[in-house]
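Subject: Structure handover

Hello,

The structure we talked about is below. Please open it alongside this note; what was found follows.

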Number of protein chains: 2
Amino acid sequence: MQRTRFGEMACSIARTMDVIGEPWSPLILRDVYVGIARFDQLQEDLGISRKVLAERLKWLVEQGVLERREYSTKPPRHEYALTPKGTELVELLMVMVRWGDRWTAGEAGPPVLYRHHACGRIAHVELHCSECGEPMGPADIDVLPGPGADVPVPSS
Amino acid sequence: MQRTRFGEMACSIARTMDVIGEPWSPLILRDVYVGIARFDQLQEDLGISRKVLAERLKWLVEQGVLERREYSTKPPRHEYALTPKGTELVELLMVMVRWGDRWTAGEAGPPVLYRHHACGRIAHVELHCSECGEPMGPADIDVLPGPGADVPVPSS
DNA sequence: CCAATGGGTTCCCTTAGGGAACGGAAGCCT
DNA sequence: AGGCTTCCGTTCCCTAAGGGAACCCATTGG
């Protein structure tokens, strides 16, 4: 619903939510990431209303998160693919998965597992500091005002 | 709106969205994390409707993400605090901030900065593998079915 | 006694999600 | 050639959820 526009707020959380804050968007990105890329596949896999799916896809393409490309011209057919901007959002999904696994999976265990190419092991993501490489969580930081504070509208 | 229930899906992303997928929830958690913890403070800081704020807080408390506690009995006054379950969600917020900083901050730069206690430097989060400690992003993993796949309802 | 503060609740209006039906363009089958 | 099927949406209507403003109640301070 969200009639309050988040994109104008001087907060990167709000601005991220403005792009993918509508509840279906992360699931759409997940599906595209794992290769479910066409309209009907998405609709069936998610159980989303076709109307809402069309709206979401349009929005996500406008935001530069997805790209709509023709994979067949003779019958015009399209599929959706992650842009670099969208691929980085998948990192966010990986952290959501981690939290969901820990707190909502119950006894059945996690629905999916990740195997890390580098070490070949089943693993999950952890947050580390970009500067020193050590773990960095909510308790390990001070939050300071940055240069973009109090600037309501960034660019567009 | 989300009349489709996400909590039943065998997907940790969907189940996480079921808890905090409504657009205001991450901003509420952000505020509580930085110490904006009382109803009126939240309402003013966010510009959210009081009705929706009351609903969200109730939901987040029910979900065990926030805790409502009385900090004064004489006039009964309450504030909200993050539980451990909620504190781990702040990790998710930190990743959202990272994405928002990179892709939506514009020339003004990030609205807030993090200083890492361990090294004292301004930093952002990066995703690493829990097993080998190396970077682990969307391109570095295989996604495999886990034990909880095809189990629609986890516990509750 | 009156106003202010804190923390909500109630009411009404508008808007966005859900579901089902429709549409249209290009194969494919017989 | 006619009709079925696939893909990708659009349109319609209904209901539920968000927004805003007003109201409420308890306590405290002046």
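Arg115(A) stands opposite Asp142(B), a residue of strand 6 of chain B. That is one position in a pairing that crosses from one chain to the other: strand 3 of chain A and strand 6 of chain B run antiparallel, over five bridges. Bear in mind that this is a predicted model.

Strand 3 of chain A covers residues 112-116 and has another partner, strand 4 of chain A. That pairing is also antiparallel, over two bridges. Here Tyr114(A) stands opposite Ala123(A) in strand 4 of chain A.

Put together, the three strands form an open sheet in the order 4(A)-3(A)-6(B), with antiparallel pairing. Which strands sit at the edges? They are strand 4 (122-123) of chain A and strand 6 (141-145) of chain B, each pairing on one side only.

Now the contact between the chains. How many residues does each chain put in? Chain A gives 81 residues and chain B gives 81 residues. On the side of chain B that touches chain A, these elements each supply at least two residues:

- helix 1 (12-20), helix 2 (25-33) and helix 5 (84-104) of chain B
- strand 3 (112-116), strand 5 (125-129) and strand 6 of chain B

Helix 5 of chain B brings the largest share of that side, 18 residues. By class, the side of chain B that touches chain A splits into 46 nonpolar, 20 polar and 15 charged residues.

Best regards

Conventions
Residues numbered from 1 in each chain as written. Chains lettered and ligands numbered in written order. Predicted model: local features only at pLDDT ≥ 70, side-chain atom pairs only at ≥ 80, totals over all residues. Pairing = 2+ DSSP bridges. Helix = DSSP H or I, 4+ residues; strand = E, 2+ residues; numbered from the N terminus. Contact = placed C-beta atoms within 7 Å. Nonpolar A, V, L, I, M, F, W, Y, C, P; charged D, E, K, R; others polar.
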